[in-house]
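Open the model in a viewer and keep the selection tool at hand. The stops below can be taken in order.

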Amino acid sequence: MKWILTVLAVWALSGAAHAQRRYWDADADSLARVLPQQPSDLARLRTLVHLLDLRPTNAAALPLLDQLLALNQRLQTLDDEPYRRLRAGLALWQRTPNAAALTAMKAAVAEFDRAGRPIPWLLMNLVSLYNQLNQMRERKEYYDEKLAYYRVRGATENVAACYVSQGAYYRRLGDYNRSINNTLRAADMALGFSRKLYINEIIVTGGIYADWGNHAKAVQYLSQAQALPEFRRVQGTNRVFTFLALSKLFGQLHKYPDALHSADSALAARVDEPYERQLDRAFALVQKASVLLQMRLPAQARPLLRRAQQLDDSLDLPTSSGPGEFELDATWARYYTTQGNHRLAEHHWLRAYQKATAARLDKLRPRYLQELAAFYDARGQLVEAQRYSRAYIALADTLSVAQAAFHVAQYENERIEQAKNAQINELRQAQAVQAERLRLGNWLLLGALVAVLVVSGLSAFIYRQLRVNRRTLDQLRQTQSQLVQAEKMAFLGELTAGIAHELQNPLNFMKNFAEVSTDLVEDMNGRGPARSAGLEQEILVGLKQNLQQISQHGQRASSIIKDMLAHSRSGTGPRELSDLNALADESLTLAYDGLCAQDKTFRATLGKNFDTQLAPVPVVAQDLGRVLLNLCTNALHAVRQRQREAQESGAAYEPTVTVSTCRPSGRAVEIRVRDNGTGMPESVQARIFQPFFTTKPVGEGTGLGLSLSHDIVTKGHGGTLTVESREGEGTEFVVRLPA
């Protein structure tokens with residue numbers, strides 16, 4: 001009876017999920033055609049609600065809202081306040097996109113939330129209004145807040161829409177890891193209610209991987225989307241985006257015939273809405289021209305660029321939208337470079353960089369800075385080349401840009417880990433079944449021995465079955481051991497990738513500064529016309545700055561390697577009886593003197609509450625001293641940061657760091673390091689002891705100090721290292737050691 005009920009329940013749930021997918025994947029054009037043919041006002045009202053759920057902000061939404069409100073005034077079957085708010089917001093948006101329109105649209109979203117209605121397409125379309133107003137920071141904060149709200153309430157459709165928005169936001173910034181994480185989460189959630197949205201996010205994931213430089217992953221996801229049966233029904237901007245992404249990818253792989261074919265497919269895609277059709281056509285024309293320039297066919301590229309320019313002049317096209325990034329000026333610059341027209345090439349490169357900066361497209365800005373530096377360097381304009389090279393290096397440092405040929409987003413690793421865990425659980429269940437079978441077999445064997453003369457034949461059969469079961473169990477155990485080993489190797493690979501990533505940044509910076517310095521030296525020693533002494537002095541100053549940067553990043557790489565070596569040998573020295581009071585006093589003094597040497601204006605109150613009755617404790621003094629020095633240094637940095645914030649706001653503040661020792665019980669001792677600094681939120685406390693995690697700016701910390709300290713205390717001394725912190729009040733680290 002139970003299995004019958006289970007089958008019925010699964011059937012009911014699958015039927016509900018299928019109905020949900022049919023609702024959100026319905027064809028809006030078909031609904032619009034059947035709307036006038038509905039036999040009753042109630043059926044017409046339901047169709048209007050369905051249409052507005054699928055197309056809440058397009059040009060036809062206002063007339064549909066008017067029909068809905070008029071019908072509901074007669075029927076009184078629908079809470080129409082959300083639709084009234086939506087109509088007011090859309091009217092403002094279509095007339096003049098401004099802050100008032102955004103406020104009205106957010107009020108409409110709040111009304112739908114109050115009514116408990118899912119609005120995934122409204123949430124995704126609202127992104128374009130934020131983009132028109134260039135409110136990127138406000139957009140992120142709004143969708144972060146909505147994501148938390150919907151996750152608590154289990155609103156799957158709205159959660160997926162928020163992930164779509166955040167994925168697009170991080171893609172604009174060039175943060176491809178977080179962009180793919182959000183996009184794949186949206187795809188996984190969309191499987192439950194919309195195959196159309198699922199395919200769209202798989203396509204977007206392939207495009208992001210192409211931007212990131214991981215061609216294999218890009219081909220994998222774009223091919224996966226094209227192989228799905230539903231891809232044939234994907235039209236409009238989503239289809240255009242797919243072929244544009246493929247064209248860019250084939251261009252990067254130098255497969256120019258395939259790149260041209262994909263660009264032509266984007267031009268041929270069917271787009272019903274007039275504005276979107278012109279927008280998508282302009283993007284496709286620029287991409288095809290870009291491929292022709294890569295093929296050294298500028299004469300064929302020029303008419304395409306002129307048609308795209310005409311569309312841009314008439315429509316004032318956005319720098320970034322659904323089809324991707326509109327790189328018209330950059331493509332013009334490459335065209336004029338091939339023609340030797342350096343004046344127009346420079347004009348368009350500068351316009352491209354200005355537009356990317358104004359639109360906050362951090363994924364394009366580093367590329368344009370590199371192009372500008374190379375352009376001026378080729379023209380012999382060394383001052384301009386050096387200025388843009390430095391701007392690129394500073395931006396790369398800020399954005400932590402790294403080579404991504406083999407990068408895989410973090411969420412993909414989480415997917416693999418979930419699959420492995422599921423496989424391990426299945427093996428454990430199979431092992432439990434086999435163990436139960438063995439237990440039953442033993443009972444049967446006992447019964448057979450009692451009646452051996454009567455059922456000797458049955459006993460032989462059971463014995464053979466028992467041997468088969470034992471062999472199967474051995475195979476399962478061997479498979480489980482292999483999976484455990486695979487998990488260990490996966491962790492080792494993750495750790496190695498972390499080390500490589502941390503070392504790659506300083507090495508990239510050293511390489512960039514070295515290349516710039518080499519160019520400067522060659523320019524000084526060249527055979528060209530003599531330069532003024534002032535220019536040579538400026539080049540020497542630039543060389544000195546570059547060498548200082550190379551030395552600084554070399555020291556950072558050395559520090560990372562030193563900390564990793566300390567990780568591997570922490571707690572390996574002999575333990576000796578040591579005075580913990582003296583060790584703590586010395587560590588606090590060293591940390592304070594070191595920080596004062598760096599910042600001559602810094603002063604803080606040092607508290608020392610030592611238990612004078614504390615007996616010597618067997619420890620590795622050098623390792624424990626490293627732990628205490630690291631904790632004291634972190635505490636002093638925290639109070640210095642809060643002191644600076646207090647000085648800016650004019651608030652009274654006295655930085656204080658206190659180190660204390662005590663023996664809370666007869667078999668343990670404690671060392672406490674407390675500060676009244678900035679404190680830490682719970683999210684930071686949860687990760688504070690993870691390797692490579694740091695809250696310091698790029699280049700100031702390796703993220704290994706607290707991880708190393710934790711290993712020294714726990715693994716090297718058998719103790720514990722814990723943290724208690726309140727944001728804005730202070731932090732206390734507690735080292736507890738066995739006496």
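What follows is a tour of selections, from the whole chain to single residues and pairs.

**Before selecting**

The model is predicted, so local features are given only at pLDDT of at least 70 and side-chain atom pairs only at pLDDT 80 or more, while totals for chains, interfaces and linings use all residues. Residue numbers run from 1 along each chain as its sequence is written, and side-chain values use heavy atoms, with hydrogens and water left out.

**The whole chain**

Colour by secondary structure: the chain has 27 helices and 9 strands. These are DSSP runs numbered from the N terminus, helices being H or I of at least four residues and strands E of at least two. Of the 739 residues, 44% are buried. Here buried means under 20% relative accessible area, exposed means over 50%, and partly exposed lies in between, with a 1.4 Å probe and protein chains only.

Show the surface next. A contact is a pair of heavy atoms within 4.5 Å. Among contacts between residues at least 6 apart in sequence, 67% join residues at least 24 apart.

**Helix α8**

Select residues 136-153, which form helix α8. The 18 residues should span 26 Å at 1.5 Å a residue, and the end C-alpha atoms are 26 Å apart, which agrees. The expected span is 1.5 Å times one less than the number of residues.

Which residues of α8 are buried? They are M136, R139, Y142, Y143, K146, L147 and Y150. Looking down the axis of α8, these buried residues fall within an arc of 140 degrees, so they line one face of the helix. The arc is taken over the directions from the helix axis to the C-beta atoms. An α-helix has 3.6 residues a turn, so residues three or four places apart point the same way.

Turn to the face of α8 directed away from its buried side to find the exposed residues E145 and V152. After the helix comes G154, with a positive phi near 70 degrees.

**Two loop residues with positive phi**

Most residues other than glycine have a negative phi. Select Q76, in the loop between α4 (61-75) and α5 (81-95). Its phi is positive, about 55 degrees, although Q76 is not a glycine. Q76 is exposed at 58% relative accessibility.

Move to R296, in the loop between α15 (274-294) and α16 (298-315). R296 also has a positive phi, near 65 degrees, and is exposed at 74% relative accessibility.

S179 is in helix α10 (residues 176-190). Its relative accessibility is 0%, so S179 counts as buried. Leaving out residues up to four places away in sequence, S179 touches G167, Y170, R171 and I208.

R640 is in helix α25 (residues 621-649) and is buried, with a relative accessible area of 12%. Beyond its neighbours within four places in sequence, R640 contacts L595, D599 and F602. The C-alpha atoms of R640 and L595 are 9.5 Å apart, and the two residues are 45 places apart in sequence.

**Salt bridges**

A salt bridge is a side-chain nitrogen of Lys or Arg within 4 Å of a carboxyl oxygen of Asp or Glu. The count by this rule is 31.

Select D53 and R117, whose side chains form a salt bridge with an N to O distance of 2.6 Å. D53 is in helix α3 (residues 41-54) and R117 in the loop between α6 and α7, 64 residues apart. D53 is buried at 5% relative accessibility, whereas R117 is partly exposed at 24%.

Next take D329 and K355, with their closest N and O atoms 2.7 Å apart. D329 lies in helix α17 (residues 328-338) and K355 in helix α18 (residues 342-358), so the pair ties together parts 26 residues apart in sequence. D329 is buried, with a relative accessible area of 5%, and K355 is partly exposed, with 28%.

Finish with E670, R672, R674, E732 and R736, which are linked in a network of salt bridges.
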